[in-house]
Amino acid sequence: MSILFFLIGCSVLMGLVFLLAFLWAHKTGQNEDLHTPGMRILLDDEIKVDPPE
Amino acid sequence: MQTEKFYYDNKIVRDFAIATIVWGFIGMTVGLVIAMQLYQPAMNMGNQYTTFGRIRPLHTNAVIFAFVGNAIFMGVYYSLQRLLKTRMFSDVLSRIHFWGWQFIIISAVITLPLGLTTSHEYAELEWPIDIAITVVWVVFGLNMFGTIFKRREKHLYVAIWFYIATFVTVAVLHIVNSIELPISAWKSYYVYAGVQDALVQWWYGHNAVAFFLTTPYLGMMYYFLPKMAGRPIYSYKLSILHFWALIFIYIWAGPHHLLYTPLPGWAQSLGVAFSVMLIAPSWGGMINGLLTLRGAWDKVRDDVTLKFMVVGITAYGMATFEGPMLALKQVNGFAHFTDWIIAHVHVGALGWNGFLTFAILYWLIPKIYKTELYSKKLATTHFWIGTLGILFYVIPMYWAAITQSLMLKEFTPEGILKYPNFLETTLRILPMHIMRSIGGSLYLIGVILMAYNLTKTMLAGKLVANEAAEAPAMANLLPNEDRGHWHRILERKPIQLLVLSLIVILIGTFVELMPTLTISSNIPTISSVKPYTPLELQGRDLYIREGCSNCHSQTIRPFRSETERYGEYSKAGEFVYDHPFLWGSKRTGPDLARIGGKYGDSWHFNHLLDPRSISPGSIMPDYHWLYTQNLDTTTTQSKINAMRKLGVPYAPGYEHIAQKELVDQETRITENLASDHIQINKNKEIVALIAYLQRLGTDIKANKSLSKK
């Protein structure tokens, strides 16, 4: 059942990649404000500009 | 603050939307056809290209990768641009992505009915298409990360994290589950065999559900639901928490598809434990979605898109409660291989994926066409008919599953099986299958109404192909370069970060892979288990081509009800030469792991030609083309060579005598048939299939009779 170790290795590596992503997100302040991002996506002000043809 | 003007690409969103509708209709229509085949064999239409075994994969692939796939790209391309306040990275990549994906789908529509399949569920497409999928997926990734790179909004909204996880994980899953050894342009063998192959497949299969049907849709829920409801998500903090929890836990749950199989017990338990844990992050998402509507439930009364959302998210909650329950060994022992699983996945597919897709389509099409929805009333009709369709689909299937499983497990007081004939249980649940196809029809009618409604909407409006927007440049938002950390530079460059991550994964993969390919496996081998003969190998490939494993399992679980019915339970060592494994996941018909020697050659001959002449009422299609088509033996040598390369111990030089051995075995079978007054030319395909079926499970039987002597 050597494949188990391969798959566990793969899964752990993916987990590590996600962990790094999480640490990156945390360190760069992605999680500092957990309130306004939810609000901000609602603010899509439509502007009147002619699209380029 | 200086703002920049730019334009969102709506055309690509529209293209993916149309593809979603078209493929959705096709995929669901095929689904309806195969549902009817399960009670009316005539619906197989009497030719090989439309039998259940060949077009069931077409249904699953079309719905997962064509309908849901295009819907994911529609949702991602719409929301990503707006969340990051920028146009997609490259219009060219967007077009390549769109047409590449459609090309892959069309190649699936052509190859699957032709019987070109690898047999791995939801990964049936053969190796050239696998490569094409990889290329298009990389194009999608480049486009997405390029967009993230040139964003004007520093914060990555939670939806984007879901998209990133989708991209990364699907890439790894697809590559690992596509490691095949090609023997011709359209035929390959999986590198792994038996139990190991099964584990790879279900590691993939389960995570395809997780990272193709779940994470991208959660991302879309987090963007579109607040937009539709006009209020922020209930808890942004919860969304972040459950995102990380979900992706860390999901990866480990795959083995719950292989409970009571020869997979090592600890691996099964690991899968069960993580499956049970999954309920927490899954429900985190559902609760967050539903609570977003707190205090706004009055809007649901009037807004059809919110109606779809509410039922969709509720279906997600039900399916993700049911999943962990089905992963419990006792429940699984009862429900696995039955219609319960079909019901379970359709709660997810019809409810969660389907309804979220419809909601987004109804919301998005009028928006990018700067018009109103053609008919709200028709959309509401769609909602109700679709909801009824789901109920009419799943309830009969639960009923059928419980009925059939109880029957199959029932013993008389004397201790013998009450229903020894599998067919009896099949016939009992046919009424439920008829009702299921009524449910499916209702759902499909809803989709047709939607297609009409949205077409009218598109005709009434005009596509804003390039939607103007403005936002401050990102540079203004960034803090000063005060922290000189070495990876600060990297953090600004998501593409480089991605490439580095992938390199790390690949190094790890090879480090892990090398030992597995070079050292002998620690599966207990059974000395009496021998490689397939050339004819059996060819027959096995016919079994794969006809998709027999879509209805027949090849693994007997250690339950008395199964060992009484099918024989000795399956051992890991029996499958060491099975590239790929053919355990199946559903028993529409009986298990075939020990069918070999149970009946005579002539029984198989007559049964495959006309199943109902042997088993009145049988719902199996007939396979008359096997009696007229000649077996392609030009591949024999390359198949033996390929198998040897994969570790099957054929003697040196065996490939040269393989063809002769094949003909000898054909002769023996045709002579045997002749003694039952059946005349058939020995080079017909049916002879090879009989050879394979008669071999199944006999190695262990031979062992037993030897030890008795």
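I count two residues as in contact, one covering the other, if their C-beta atoms, placed from the backbone, lie within 7 Å. Helices (H or I, at least four residues) and strands (E, at least two) are DSSP runs, numbered from the N terminus.

**Ground rules.** I am working on a predicted model, in which local features need pLDDT of at least 70 and side-chain atom pairs count only at pLDDT 80 or more, while totals for chains, interfaces and linings use all residues. Residues are numbered from 1 along each chain as its sequence is written, and chains are lettered from A and ligands numbered from 1 in the order in which they are written.

**Entry 1, α9(B).** I looked up what covers the buried residues of α9(B), and found that the cover includes α6 (194–229), α7 (236–250) and α11 (304–327) of chain B. I call a residue buried if 20 or more other C-beta atoms lie within 10 Å of its own, exposed if 12 or fewer, and partly exposed in between. Helix α9 of chain B runs over residues 279–291, and its 13 residues should span 18 Å at 1.5 Å a residue; the end C-alpha atoms are 17 Å apart, which agrees. The expected span is 1.5 Å times one less than the number of residues. The buried residues of α9(B) are B:P281, B:S282, B:G285, B:M286, B:N288 and B:G289. They cover an arc of only 160 degrees around the axis, so they sit on the same side of α9(B). The arc is that of the directions from the helix axis to the C-beta atoms. I noted the general rule: an α-helix has 3.6 residues a turn, so residues three or four places apart point the same way.

I ran the length check on α4 (residues 127–149) of chain B: 23 residues, 32 Å from first C-alpha to last, close to the 33 Å expected at 1.5 Å a residue. Buried residues in α4(B) include B:W127, B:I129, B:D130, B:I133 and B:F140.

Helix α20 (residues 534–545) and helix α25 (residues 654–675) of chain B pack at about 80 degrees, with their axes 7 Å apart. Axes are lines fitted to C-alpha atoms, for helices over the stretch in contact, and angles run from 0 to 180 degrees between N-to-C directions. The two helices α20(B) and α25(B) are therefore roughly perpendicular, a label for angles of 65 to 115 degrees. On α20(B) the contact uses B:P534, B:L535 and B:Q538, and on α25(B) it uses B:A658, B:E661, B:L662, B:Q665 and B:E666. By class I have four nonpolar, two polar and two charged residues in this contact. Ala, Val, Leu, Ile, Met, Phe, Trp, Tyr, Cys and Pro count as nonpolar, Asp, Glu, Lys and Arg as charged, and the others, Gly among them, as polar.

I found B:M435 in helix α16 (residues 430–460) of chain B. B:M435 counts as partly exposed, with 17 C-beta neighbours inside 10 Å. Leaving out residues up to four places away in sequence, B:M435 touches B:F392 and B:P396.

The peptide bond from B:H579 to B:P580 is cis, with omega near -5 degrees; B:P580 lies in the loop between α21 (560–566) and α22 (601–609) of chain B. B:F337, not a glycine, has a positive phi of about 75 degrees. B:F337 is buried, with 23 other C-beta atoms within 10 Å.

Conventions:
Angles under 35 degrees count as roughly parallel, over 145 as roughly antiparallel, 65 to 115 as roughly perpendicular and the rest as oblique.
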